[in-house]
Every structure is written in structure tokens, then in C-alpha cells.
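Me: I would like to learn how to read an interface and a cavity from a set of coordinates. Please take one feature at a time.

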Amino acid sequence: MRSMKNSVVVAGLAIAGLALGACGGGTGAGNAGGAGGSTGGEEVKTIKLVAAEYSKDHTKAFWDAFAKAYKEKTGYTLEVQVVSWDNIDQQSSTMIQNNQAPDILNLNAYASYAKDGLLYDSDAVLPASVKSDILDTFVKYGTYDGKFYGFPDLSSARAFFYNKALFKQAGINEPPKTWAELEADAKKITALGGGNVGYALPLGPEESQGEFSMWLFNNGGTWKDGGKWTINSDKNVETLAFLKKLTDAKLTQNNPARTNRADAFDLFKSGKAGMVIGFSPLAADLDKDKKVDYGVAPFPTNDGSESKTFGVTDYLMAFKKPGNEKAVKAFYELYYQPDQVNTFIKAEGFLPVTKSGVEAFAGETKLKVYLDTLPNAQLTPTDDPTWDKVKLAVQQNLGAAMTGDPKAVLDKLQQTAENGG
Amino acid sequence: MRFASAMTERTTVTPDPAAAAGSGDPGSRMPSRPSRRRRAGRIGQVHPLVALLWLAPALALILGVVLYPAIKLFDASRGEYSITGLRKGDAGWDNYAKVLAHPDLGTVLLNTVVWVVAVVAVTIVIGLALAQFLVKPFPGRRFVRWAVIIPWAASLIITSQLFVLLYDYNYGIINHVLQGLHLISTPIDFLGNDSWTMFSMVVVGVFVSLPFTIFVFIAGLGAIPDDVMEAATVDGASPWQRYWNITLPLMRPALMIATVLNVIYVFNSFPIIYTLNDRNPGYLHDTTITFMYKLAFKSQEKDVGMSAAAGIFNVLLILVVVAIYLKIINWREETSR
């Protein structure tokens with residue numbers, strides 16, 4: 001009896017194993033172009049969305065409600081799979097390897113996918129009224145090779161956060177306007193002792209390109225200018241050298257090159273950091289904790305000129321699959337309805353991507369500092385597929401400048417970019 | 001007629017049709033020798049097709065979850081992939097060449113050796129001491145043994161994340177205690193300082209490897225007959241002599257098993273290194289396993305094909321270890337006869 005029981009278990013496992021194998025294999029990894037044309041095939045009634053998890057509480061709730069509305073209004077079914085940010089690169093890559101791309105993928109990059117010819121452009125799936133409603137900045141950065149592929153789902157803009165209590169203790173009356181003032185303020189706060197840190201500088205691999213973007217934009221620098229990479233421009237070298245100076249003078253937290261953004265935020269939330277670059281979700285956390293009395297201001301510039309902000313959007317891109325064009329178009333038509341897109345953005349604590357959204361959010365006083373800067377926000381060159389690799393190189397290598405030579409680090413990154421990643 | 005009688009004789013000798021149709025094992029046709037071994041062989045003997053039927057689930061399992069993925073892995077290692085994961089064409093052996101030419105390969109291999117040797121060696125030494133302690137009867141021994149299992153039962157990711165918090169520079173309890181005891185004046189950056197990172201990871205590796213090792217050793221110690229020990233005591237052997245000349249040699253099988261299995265586990269360990277090293281850029285503290293992962297998903301290469309090639313190298317490395325393990329198992333069977 002016992003051996004029979006065991007056999008049944010083994011047989012069950014074997015079947016499960018085979019099923020898993022089959023799932024992993026799918027139709028097999030075809031070579032380029034395997035994604036198929038947009039016109040062929042029967043019309044698809046069910047499409048799949050792979051969405052990134054912005055928050056445990058809201059993301060899944062929103063997409064489930066959205067799927068229900070989508071079914072009611074259009075008759076199509078939307079399968080929703082929510083994936084954490086830690087895993088989404090790996091999952092999306094695996095799906096495409098196995099020729100099992102979702103119909104719609106929510107990610108922080110799109111240009112490489114457009115380059116590989118996997119995506120629909122706006123002419124095919126985006127209603128004209130929606131396209132004209134999306135903020136011009138985002139249309140510009142969502143356009144690859146003359147066509148608009150990167151449809152933004154939400155956006156964020158960075159701003160300068162400072163700890164009012166520490167500022168008061170250190171005798172500082174207002175947030176800095178220039179880098180020199182920032183450095184002086186950081187000195188005063190660090191001098192308070194007790195583990196207080198002037199400026200929390202995250203240059204670890206999580207998102208060092210974000211931190212550096214904010215600094216270099218406010219020194220008049222760029223990553224790429226008019227088709228040419230400018231990573232090692234004099235302005236950028238000056239910017240990175242300034243960050244090294246802050247680090248060497250111990251005005252930052254310990255080991256900035258090995259600090260991820262989340263750790264820097266934790267430091268600020270614990271009330272130990274005087275200044276940090278944050279965004280609206282950090283403000284939401286701080287408001288919830290009610291521990292730190294903080295202020296939000298435009299980021300100081302090197303020479304005191306007008307501040308610029310670093311904007312970020314994520315994308316909802318549409319994969320070309322036989323017969324899914326109508327269902328995908330219906331998806332975007334519904335998503336960009338103000339009551340959908342703005343509900344999502346509001347729940348997640350981010351910023352709008354449409355002109356109508358900016359108007360709808362205008363009443364939110366807390367968001368004013370970001371909204372004012374949003375239409376002129378500068379983005380990283382997300383419209384260039386090379387950036388998808390350069391970004392990874394920056395994340396892995398930028399921190400090395402804190403213990404090495406800023407110019408050499410940027411020269412190497414420039415070379416990576418010029419070689420196409 | 002002789003032929004016919006032979007036939008009848010045969011059928012009467014081997015009434016089991018399965019056995020008759022089965023292999024030509026002469027032993028089963030010699031009923032005169034009353035050997036236990038022969039009888040066991042006959043009972044276990046079935047028609048090959050029947051055998052295949054019973055083996056089918058196991059074979060399907062091996063084909064489905066071992067062979068098929070291995071073939072896919074090899075296939076992937078010979079492909080050229082876009083950063084999105086799209087296969088663009090065939091790459092021949094380029095991916096292998098790129099892995100071998102990778103500037104950080106030396107660091108990664110050295111890290112792997114340091115990691116495996118340090119974790120396994122320290123685990124064995126501490127495991128031996130703790131096992132010796134846990135076989136002695138003392139009040140509450142059962143609870144201590146339970147407590148020892150806990151690191152084994154907890155998920156590696158959770159354990160690693162807990163250690164990240166313990167090691168933290170700003171609020172970690174380890175730094176807090178060390179500063180409280182005035183052993184250090186400024187906190188130690190356990191995970192961010194290059195001279196400490198590997199040490200900090202090895203500590204966690206040892207912590208999670210200990211339970212299994214200790215229980216292998218407890219079993220090994222339990223198998224040592226008491227009379228040998230008593231005889232040695234009567235002959236006037238000192239405790240240290242008894243340990244060195246009796247306990248350790250008799251523990252050899254347990255030591256071998258613990259070492260080889262730990263080498264395999266530790267070599268394949270992904271979560272500890274990935275979690276504790278996640279703030280550090282580049283490959284400075286990666287082993288071949290995390291190197292493979294980063295090649296596919298995190299590094300600027302972001303190349304599935306290269307990662308698959310690295311995966312093939314990993315399989316080859318671990319095959320060597322498994323071969324050694326099988327050899328040891330053989331050795332055990334021979335000695336236990």
C-alpha cells in the first residue's frame with residue numbers, strides 16, 4: 001500500500017514537472033520577428049497586463065477594479081499580473097525569451113523593446129484625443145525613431161526635502177538656493193553631532209542615475225544633447241567632483257557609493273538626515289509617520305539660477321500580437337479616462353501624465369511644488385535604446401568616483417554609451 | 001521428446017511467466033540452490049514493459065525538470081539575445097568566449113573559492129563542537145536541539161534580510177552593542193566596507209549551514225558503539241586521545257557526507273550573497289552563482305545568452321563536486337560491507 005502511495009505521489013510530481021516544463025518552454029524561443037504581425041490571426045478576446053507593483057495596498061486593487069470596468073465597457077477580458085519591481089525585469093525578459101510577451105507591459109523602459117520591433121506605436125493603438133492630452137515632455141521622451149511608443153502610466157518629479165527641526169537647531173533659516181549654501185548648511189548640520197548627517201547621498205546601484213541626474217541638470221548638464229552623448233562634459237565632471245567633495249568632507253552619510261535610495265530615505269525618515277532628494281511617495285510616508293517636520297523646496301542650483309527638476313515616467317507599452325490590436329486600443333482608451341488614470345496616480349501618490357490630469361491635481365497644495373515644475377521636467381534619455389544599457393552601467397559604476405577619479409569614471413561611461421552600451 | 005520434456009521441465013521450474021520472458025539470468029533457473037539472494041532476485045523480477053510503466057513517472061520527472069531545462073539552457077547559451085530578452089540569432093560559442101574574457105571573472109572565481117572553503121570549514125569545526133555538546137544529556141537538551149533547527153527552517157531570504165538589519169551601519173544592533181562595550185568608537189560598515197563584506201557573508205553562511213551539519217554529526221556520534229569507548233577508557237586513554245583516535249576516525253563517513261553536501265549547498269547559495277551584497281556595485285563580492293544572475297538581469301551586459309553560458313560553466317563545476325560525492329558514497333558502501 002505504501003509503495004503504491006509513493007508511486008502516486010511520484011506520478012503526480014512528474015505530471016506537475018512536465019506541466020512546468022511545458023509552461024517554461026511554450027512555443028519555443030523563436031528568432032527575431034517571432035512576435036508576429038498585427039493584422040493576422042483571429043481577434044483576441046482576452047489580453048494580459050503585467051503591471052509593476054507601486055504599493056502593496058493600491059496597485060492590485062486598482063488594476064482589479066480596472067479589469068472589471070474594462071470587461072463591462074468593452075466586453076474584453078483583462079488578465080492582470082502584478083509583479084514587484086525587484087522581479088519585473090527578470091520576468092519580462094523571460095516572457096519575451098519564451099515568446100510569451102504580455103499584451104501590455106508596465107515598465108520603466110521601452111526604447112529597447114521598440115527597437116526590437118515588438119511594440120505598437122500610437123498610430124495603431126492610442127486614440128488621437130489621448131495622444132494630444134499627454135504632456136508634451138512625455139510624448140517627446142516616449143518617441144523612438146519618430147514614432148510614439150512609450151505611453152506613460154504615471155510620473156514623478158524629484159524635489160529637495162529638508163528637515164526643519166535640524167535646520168532650526170543648526171541656525172539655518174531657509175533652504176539653500178545654491179550648492180555653496182547647501183554645502184555650508186550640510187556642514188552646520190553635521191557639526192550638530194549625534195549621528196546627524198548633512199546631506200543623504202545615495203549613489204548605490206539601486207538608482208544612482210536618478211540622484212546624479214538631479215544634480216547634473218541643476219548644473220546645466222545633460223546626459224545626451226542633440227544626438228550626442230555628453231556624459232563626460234566639463235559640467236558633469238564638475239558636478240561629480242562636487243559630490244566627491246561632500247563625501248570627502250564627511251558631510252554625507254557613511255559610504256554614499258554603497259547607499260541605496262531606500263536606505264537614504266530611511267535615514268531621512270528617522271530624522272537623522274538634514275537634506276535629501278525625495279519625491280511624493282516619500283512625502284506620503286513622512287506624513288504617515290508624523291515623526292519628522294520637513295519642508296519641500298526646489299533643488300538648489302550650482303550658480304543660483306532657476307531650479308530644474310528630474311522627472312521620471314514609467315510606461316505601459318503594447319506588444320504586437322496577432323489579433324490583439326482592438327482589445328489593446330480599448331485598454332488605452334479606458335485607462336486614459338480621467339477617472340481611471342487620475343484615480344490610480346492619486347492612490348499611488350505620484351503625478352499626472354496628462355494635461356487634464358495636471359488641471360485635476362491643481363487643487364492639491366502639497367503637490368504644487370512638483371506640479372509647477374512637471375511640464376518643464378528633464379528626463380533621462382529614455383528614448384534612446386542605448387540608455388537602457390548606459391543606465392545599468394551608471395548604476396554599477398558611478399559610486400566608484402567617490403573613492404576614485406570622477407573624470408575617469410565619466411570618461412568610461414561616455415565610452416560605454418558611444419559604443420552603443 | 002527430450003526437447004518437449006525440457007520445455008515442461010523449464011515451465012515447471014520457472015512458473016513465473018514474467019521471469020521466463022525476462023532476462024536470461026541463469027540464477028533464476030537453478031532451483032536446486034537454496035540461496036536467499038536468488039529468491040530475492042526472482043521476486044523483484046518483472047517484465048521490462050511493466051518495469052518501464054513503474055519507472056515512467058520518475059523518468060518523466062527527470063526528462064521534464066532536469067533534461068529539458070538543461071537542453072534549453074544549452075540552447076540559450078548558444079543564442080544572441082537583445083537586452084529585452086528577444087533572441088536575435090545564433091551566437092555559436094561567442095557567449096562562452098565573452099564569459100571567459102570577462103574582466104571580473106578572476107575576482108568572481110576567487111570569491112567563490114573563499115566563500116565555499118571558509119563557510120564549509122568553519123561550519124564543520126563549529127558543528128563538531130556543538131554536536132559533541134548536544135549529545136551529552138542535560139536538562140532542556142530537547143529545547144536546545146529544537147532551537148538549533150530554527151535557522152534551517154527559516155527561509156534564507158528572511159534570514160539574510162534579518163542580518164542586513166543586524167549589520168546596519170546606522171541602527172544595526174551589532175554596531176550598537178560593540179559601541180556600547182567601547183570596543184569600537186565608530187560603527188563598522190559590515191556590508192559596505194570591502195574588507196568586511198566577505199566576512200559578514202561567511203558568518204551568515206555558517207549560521208544557516210550549522211543545523212544540518214550538527215544533525216549529521218549527532219547521528220554520526222550516536223553510531224559510535226559505547227563498548228569501544230569503554231574499552232579505551234579502561235585502557236587508560238585520555239579524553240583527548242579517545243576523541244582523536246576513536247571518535248574522529250569513526251566519524252569519517254559523517255564528516256565526508258557533511259562536507260560534500262555542504263560544498264554543494266554553499267556553492268549554489270544565492271540568497272545570502274545576493275541580499276547582503278545588494279548595495280555594492282559591480283562584481284567585487286559575487287560568486288559564480290550571483291555573477292550568472294547579474295549577467296542576465298542587473299549588469300550592463302544584461303545578456304541572457306552570456307548568463308546561460310555562465311550557467312553551463314556552473315553546472316560543470318558542480319558536476320565535479322557531485323562526482324566526488326558519488327565516489328565517496330561508493331567508498332561508504334564498500335566499507336559498510
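Reply: What follows goes through the interface and then the cavities. This is a predicted model, in which local features need pLDDT of at least 70 and side-chain atom pairs count only at pLDDT 80 or more, while totals for chains, interfaces and linings use all residues. Residues are numbered from 1 along each chain as its sequence is written, chains are lettered from A in the order in which they are written, and side-chain values use heavy atoms, with hydrogens and water left out.

Me: How many residues of chain A and chain B are in contact?

Reply: Contact means heavy atoms within 4.5 Å. Here 45 residues of chain A touch 39 residues of chain B.

Me: What area is buried between the two chains?

Reply: Interface size is often given as the accessible area lost when the parts come together. With a 1.4 Å probe and the loss summed over both parts, the value is about 3,500 Å², and carbon and sulfur atoms give 56% of that.

Me: How many salt bridges cross the interface?

Reply: The rule asks for a side-chain nitrogen of Lys or Arg within 4 Å of a carboxyl oxygen of Asp or Glu. It finds two between chain A and chain B. A:Asp89 pairs with B:Lys302 in a salt bridge, with 3.9 Å between the closest N and O atoms.

Me: Which residues line the largest cavity?

Reply: Lining residues have an atom within 4 Å of a point; among them are A:Arg158, A:Glu207, A:Phe265 and A:Phe279.

Conventions
On a 1 Å grid over the protein atoms alone, a cavity is a set of points where a 1.4 Å probe fits but cannot get out, and a pocket is an open set with protein on both sides within 12 Å along at least five of seven lines; lining residues have an atom within 4 Å of a point.
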